[in-house]
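Trainee: Could you walk me through this one before I start on my own notes?
Mentor: Gladly; let us look at the structure together and then go topic by topic.

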Amino acid sequence: MSKFPKMNFHTHTTFCDGKESTESMIQAALAKDFTRLGFSGHCFNDFRPQDVEVWCMSPEGTEQYIAEVRALAEKYQDGIEIFCGVEQDFCASTSTEGFDYVVGSVHYVEKGGMYYCVDESPEILEWSIKEGFGGDPYALTKRFFEQEAEVVQKTNATFIGHFDLVTKFNEGNRFFNSMDQRYRHAALTAMDALMETGRPFEINTGAMYRGLRKEPYPSVQLLKDLHERKGEILLSSDSHDGASLGFAFEEIAKLAKEIGFRRVKVLSKDGLEDFIL
Ligand SMILES: [Zn+2]
Ligand SMILES: [Zn+2]
């Protein structure tokens with residue numbers, strides 16, 4: 001087994017809410033000596049939350065996205081291995097067929113036919129806690145993790161995206177205490193359920209490169225819990241621009257090793273492969 005290659009499998013482009021084109025992302029990856037790059041455009045959110053146009057791919061855009069990624073994979077085949085994936089939202093029921101892999105993610109908490117976005121802004125999170133959950137942040141986090149527990153089943157995820165995304169705007173425990181038993185119980189119940197799927201959890205540095213969080217998703221505490229359960233990991237930077245590709249991977253690999261992880265999953269043509277962390 002060798003050390004993990006330079007890669008990233010959680011990557012967005014202008015087909016959804018990314019800032020750069022597919023080709024520009026490939027060039028950024030090549031400049032960083034990546035040998036593998038996977039695109040994971042946000043699936044079309046057919047459940048129609050209010051901000052549907054803002055950050056997911058349109059149905060037509062999804063077709064164009066697949067065609068473009070496939071064409072560029074061929075164009076750059078001698079320099080880098082390109083994968084065409086999708087970041088499938090828990091609430092969506094669009095098909096995941098035709099993609100090389102699926103990132104399974106919860107971005108919305110559904111309650112009574114309303115979809116409350118947890119990663120749009122602190123204001124929307126605050127409003128959601130008040131309007132949807134009677135002002136109780138732990139009621140919202142409980143519902144979030146109930147959905148998270150079923151994310152693999154619902155999306156057929158190859159790996160689990162940002163397990164505790166609900167903490168995106170919670171730096172300094174702004175909305176809830178992530179060591180409170182109500183939060184811990186909900187998160188660990190979901191983790192236990194997901195352990196049975198055998199799918200790896202990504203360690204996602206997306207909120208770190210944006211300066212929103214000092215820790216990755218999942219938090220250091222939850223990574224310790226995951227290691228205790230013999231969970232498996234995969235590194236991802238949830239990049240929306242070329243500069244952030246592979247953000248803090250060395251630092252995160254070091255952290256994961258300190259926690260006790262020894263191996264990391266990397267996507268290959270034949271599925272997930274083990275590498276040394
Ligand atoms: Zn996401
Ligand atoms: Zn993403």
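**Backbone, folds and contacts**

Mentor: Pro218 sits in the loop between helix H8 (206-209) and helix H9 (220-228), where helices (H or I, at least four residues) and strands (E, at least two) are DSSP runs numbered from the N terminus. This is a predicted model, in which local features need pLDDT of at least 70, side-chain atom pairs count only at pLDDT 80 or more, and totals for chains, interfaces and linings use all residues. Residues are numbered from 1 along each chain as its sequence is written, while chains are lettered from A and ligands numbered from 1 in the order in which they are written.

Trainee: OK, and is the peptide bond from Tyr217 to Pro218 cis or trans?
Mentor: The bond from Tyr217 to Pro218 is cis, with omega near -15°. As background, most peptide bonds are trans, and most residues other than glycine have a negative phi.

Trainee: Which residues other than glycine have a positive phi, then?
Mentor: Asp33 is one of them, with phi near 60°, and Asp238 is another, with phi of about 45°. Asp33 is in the loop between helix H1 (22-31) and strand E2 (36-42), whereas Asp238 is in the loop between strand E9 (233-236) and helix H10 (249-259).

Trainee: Is Asp33 buried or exposed?
Mentor: Asp33 counts as exposed because 10 other C-beta atoms lie within 10 Å; the rule is that a residue is buried if 20 or more other C-beta atoms lie within 10 Å of its own, exposed if 12 or fewer, and partly exposed in between, with C-beta atoms placed from the backbone.

Trainee: And Asp238, buried or exposed?
Mentor: Asp238 is buried, because 28 other C-beta atoms lie within 10 Å.

Trainee: Switching topic: how many helices and strands does the protein have?
Mentor: The protein has 10 helices and 11 strands. Its C-alpha atoms fill a box of roughly 55 × 45 × 30 Å along the principal axes, and buried residues make up 45% of the 277 residues.

Trainee: How do H1 and H3 pack?
Mentor: H1 and helix H3 (residues 59-75) pack at an angle of about 35°, with their axes 10 Å apart; the axes are lines fitted to C-alpha atoms, for helices over the stretch in contact, and angles run from 0 to 180 degrees between N-to-C directions. The contact is made by Thr22, Glu23 and Ile26 of H1 together with Glu68, Val69 and Leu72 of H3, two residues being in contact if their C-beta atoms, placed from the backbone, lie within 7 Å.

Trainee: Which residues have the most contacts inside the largest nonpolar core?
Mentor: That core has 70 residues, and those with the most contacts inside it are Met57, Val118, Phe144, Ala157, Ile160, Ala187 and Ala190; a nonpolar core is a set of buried Ala, Val, Leu, Ile, Met, Phe, Trp, Tyr and Cys residues joined through C-beta atoms within 7 Å. The largest share of this core, 6 residues, comes from helix H7 (residues 181-195).

Trainee: Last one: where is Phe275?
Mentor: Phe275 is in strand E11 (residues 271-276), and it counts as partly exposed because it has 17 C-beta neighbours inside 10 Å. The C-alpha atoms of Phe275 and Pro5 are separated by 8.3 Å, although these residues are 270 residues apart along the chain. Leaving out residues up to four places away in sequence, the contacts of Phe275 include Met1, Phe4 and Val264.
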